[in-house]
Structure formats: structure tokens, C-alpha cells
Amino acid sequence: MRYHQAIYEVPLLFEGCESSLIDHADDRCADMIPRDLLRTSLELPDLPEREVVKHFVNLSQMNFGVDNGMYPLGSCTMKYNPKICDDLSSMDTVAHMHPLQDVSTMQGALALMAELEEMLCEIGGVDAVTLQPAAGAHGEFTGMQIVKAFHESNGEARKEVVLPDTAHGTNPASAAMVGYDVLDIPSKDGCVDVDALSKTISDDTAAFMLTNPNTLGLFEKDVREIARIVHDAGALLYYDGANLNAIMGKTSPGMMDFDIVHFNLHKTFATPHGGGGPGAGPVGVKRRLDEYLPVPRITKRGDAFDLDYDRPRSIGKVKAFYGNFAVLVRAYAYIKMQGGEGLERVSEQAVLNSNYLKSKLKDLFDMPYGDLRKHEFVLSGKVLKKHGLRTMDFAKRLLDHGFHAPTVYFPLIVDEALMIEPTETETKDTLDAFVESCKQILSEDPEIVRTAPHNTARSRIDEAKAARDLILSWRGHKIKKTHSGDGQRSSRA
Ligand SMILES: *Cc1c(COP(=O)(O)O)cnc(C)c1O
């Protein structure tokens, strides 16, 4: 595949515009604002709309996204999402809604939310859902608070949350944030080691957190036995349902005896994600945990929807107002559009694509732990070492071929891990082209691979610096420039 990313040498919008900063000193409202609160300048660049549009369109072309290529980031479900869901969520009646509107004027929104709750109950096999949490990790945090409230109301102060070593990093973080000690158990053949679990679970265990299929793409077939062990100890079973793509319509967390589940609407249900944009991480629970869900709950009196705050055992609010409503609208539209059968086909196609790609790639690399995978699979890039290369080099070189890199170095139990999730939205031609590129890269001059990417707007960046040394505003940039005194445009990449 031939691929070359666009390169524009675009200055920041602020650069070169400092002389034309908007002067608000003679603003008509100035008289109404106390002198000492009045700013004389907002330090915003004064630019024609045309320049602003050009700037952002150019920048967008120096980026890689789901809209311009395959994005097989494992444990992320970077699928292509139908644009109609975006259209619906940007309708005036959605975008111009005000969170302080009277409930009597919000009936349509509440009807949509109530129906979305019902649909998620069915998909998740649970009895009640809250739409409030803003992300998967936030859903986990909400779930852990429910765990805590449940045990406390039973007069128990359980201190530990147990999880397998394949768990997503947000799981231990969420449990720790709620105040739990986190115990990690090693996997056996890539799945939960049931004996190790039995030995670890005690009457101090508050919950066991699990994702199924797990992050290796393996279905935990002992899940019922796991549930029995956890429940016999009086603990709760938490399902990380961030990537529900593999199981919709086939099984559900509820059928697998989980008590609590979070969904990532921005992975499975049509909100484009990445870059930390708004998401939604609804949480579903079985009947006995219903009373702990965040307030307000949506209720119906006669024909009218209302918000119920009178729930004495609720953990309280976890997000202002209605959660990220536009994300809920997208998910609602997507689920309605697919219907039950459509969602089942999504899962079948996602698992088929993953296994097709796996069968083409597993002999080029090494694939530890079993064969049949669900929506994703994990290869080991250790074969690269004999060329003096690492998985990171391979991943960067894929960008030169027009493919976003897979997830690398996760899960931690696989040496030089490459975690690939093609999703259901890629065609066979694209999957074949991906395989072809992988083969080509493995036979290329290792030096080219080691120094990749070459065809992108930016060559290899210092990722640790990019993560630790964030400069996200013009003011931050100026402060940095003053302190470092080098005048470099260091924030541009
Ligand atoms: C993405 C993901 C999460 C976290 O979801 P966010 O919305 O990014 O907070 C949790 N668990 C798994 C398995 C995930 O893939």
C-alpha cells in the first residue's frame, strides 16, 4: 500500500497574531463590570474564519484516524461508526438542550434515556442501568462504589478487590481510588487460574473484576465456576464490559452470573473515540444492587417522566446533569438501527475478522496461549529481536504503510506484545492488505524499520516526553518559552 501523510508547516493560530489581539477595553459591557475584575485584553487572536478553517483542516490531515484507515488498536474497539449517529446527536433539539431546563420540557430526552437503559439491560443481562458515568474507568469507579455501599449496608468492611494479571490498567486504579487493596492473581494458559482464585478469595474480598473475553481475546470458559467461588465468599463479581463487541446477542454478563457491568458506549456503540473526547460508561446491576445506583433515577408517573432523587441508599451523583447526553443519543440510534439481530451480526463479524487475521499472522509471529480468539488476539513480537528490532519499531513502520499501529506491550504477560483488534467494520481486502504490509515489513531492511515512521508528518516522537511534558494552551507555551528561554516551537507536534 502506498501511503504518504500530508505535511503542512502551519504556525499556531496565535503565532504572528499577537499584534491583533482583540482589545476589550472599550467593550460596551465594560461599565457593568467592576473595575478590578475587568480584563483589558483576552489575548485571543483576531482571525478571519477562512484562516481558522484552513488551519484545522490542514492539521486534521496530518493525523491518523478511523476515517482514513484501519485502526486495529486492541482493547479499544476503534471501529468505523455510522455518520448518521453524529448527525442525530448534533440536531438542535439535542445540541441546544440546557441542563437546567424544567423536566416537563425534557420529556423526549428522558424517554430516549429510559429506553436506552432498557436496551442496555437486555444487552447486558442486568436489571437496572445508570447512564451517568462519563467513561469506562468512571463506570468502574461507580461500580466499585456500589460494591462498597453494598457491603457496608450489610455491616461488612471488606478490604480487598481481586483481579487477574490480564486486567486492563483502569481496573486496579478504580478499585484503589475507592480505597480497596488490590490483589493480582497470575493467569494459567492465559485464563483465570481457578485454584489460585480459590486460594486468594476470602471473606475480606469485596469483589472480583474480570473481562470476558479477556484482554488476550480468550473466553474464560470457567466463568460460571469463577462466579460460584466469588459468590460463595460473599463477594461481588464485576464485569469490565468496555469491549462488548465479541459477545452481543450470544451471551451477556448477566447470563455469566456477573452482578455489575460497565459498558463503553464510545467503543461498542457508535461514538468515535480517542484523544480523550467525551464518552459514556453506563453501569448495569442485578436487582439486589439497584438501590445503590447513582441519583437521580429516571421514573415514570402516568405518562410523564420524572427524576427521582429520593433513594436513601444511593451512592449519590457521579456526574452532573444527564451524563454525556450526545453520546447517549449516538448509542440509542446505533442500537435501534442494528436491532438485536444486527448487534449479533456485529459480534459475529468482529470475531470472524479477528480470527481470519489471526490465522494469517500467527505463523509470522508467535502466538502464545491457545488458538480460537474472540474480538482480538495477542501476538508476541519477539521474533523481531533477531533483527535487532522491537515491537515498537514494527508498530511505527506500520504507520508508513497506512495502518495505525496495534496496541503494544499490553497485556504485560506476553513478551513484546502486539494486541490486534480489527473490528467488524474492516473489509477482507483491507485485512489482506494489512497482512501483506506485515509480511513486507518483516522482510525489509531492519534499519528502515528501526527508524520508522518515514511517511508521516512527524517522525518518531519521544513518547515519554509527550506524555509528561504536555503543553496544551498558548499560555502554557508562553510560560514554557519564558522558562526555557529557547524560543523553540516545542509544542507543535
Ligand atoms: C478502554 C477500556 C477501559 C477503560 O475505558 P475508558 O473509557 O478509556 O475509561 C477499561 N477496560 C477495558 C478492557 C478497556 O478496553
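Which atom of serine 75 lies 2.7 Å from an oxygen atom of the ligand? A backbone N or O atom does. That distance counts as a polar contact, a pair of N or O atoms within 3.5 Å; within protein, one atom must be able to donate a hydrogen and the other to accept it, and residues adjacent in sequence count only if both atoms are side-chain atoms. The model is predicted: local features need pLDDT of at least 70, side-chain atom pairs count only at pLDDT 80 or more, and totals for chains, interfaces and linings use all residues. Residues are numbered from 1 along each chain as its sequence is written, and side-chain values use heavy atoms, with hydrogens and water left out.

The side chain of asparagine 243 places a polar atom 2.9 Å from a ligand oxygen. Histidine 266 has a side-chain N or O atom 2.6 Å from an oxygen atom of the ligand. Taken alone, the ligand exposes 380 Å². The protein buries 86% of that area. Accessible areas come from the Shrake-Rupley method with a 1.4 Å probe; for residues, only the protein chains shown count as cover.

Now the shell. It holds 13 residues, and Ser75, Gly136, Asp240, His266 and Lys267 come nearest. By class, the shell has 3 nonpolar, 7 polar and 3 charged residues. Here Ala, Val, Leu, Ile, Met, Phe, Trp, Tyr, Cys and Pro count as nonpolar, Asp, Glu, Lys and Arg as charged, and the others, Gly among them, as polar. Helix 5 (136–153) and helix 9 (265–268) each give two or more residues. Helix 5 has the largest share, with 3. Helices (H or I, at least four residues) and strands (E, at least two) are DSSP runs, numbered from the N terminus.

A cavity is a set of points, on a 1 Å grid over the protein atoms alone, where a 1.4 Å probe fits but cannot get out; lining residues have an atom within 4 Å of a point.

Phe321 is one of the lining residues. Its phi is near 55 degrees, a positive value in a residue other than glycine. Phenylalanine 321 sits in the loop between strand 11 (304–308) and helix 10 (325–361). Most residues other than glycine have a negative phi, and most peptide bonds are trans.

Two cis bonds also stand in loops. The bond from phenylalanine 410 to proline 411 is cis, with omega near -5 degrees. Proline 411 lies between strand 13 (407–408) and strand 14 (417–420). The bond from alanine 452 to proline 453 is cis too, with omega near 5 degrees. Proline 453 lies between helix 13 (446–450) and helix 14 (463–468).

Last, the charged pairs. The whole structure has 29 salt bridges, each a side-chain nitrogen of Lys or Arg within 4 Å of a carboxyl oxygen of Asp or Glu. One of them joins aspartate 67 and lysine 83 at 3.0 Å, N to O. Aspartate 67 is in the loop between helix 1 (49–61) and helix 2 (83–89), and lysine 83 is in helix 2, so the pair ties together parts 16 residues apart in sequence.

Note on methods: On a 1 Å grid over the protein atoms alone, a cavity is a set of points where a 1.4 Å probe fits but cannot get out, and a pocket is an open set with protein on both sides within 12 Å along at least five of seven lines; lining residues have an atom within 4 Å of a point. A residue is near a molecule or strand if one of its heavy atoms lies within 4 Å of it.
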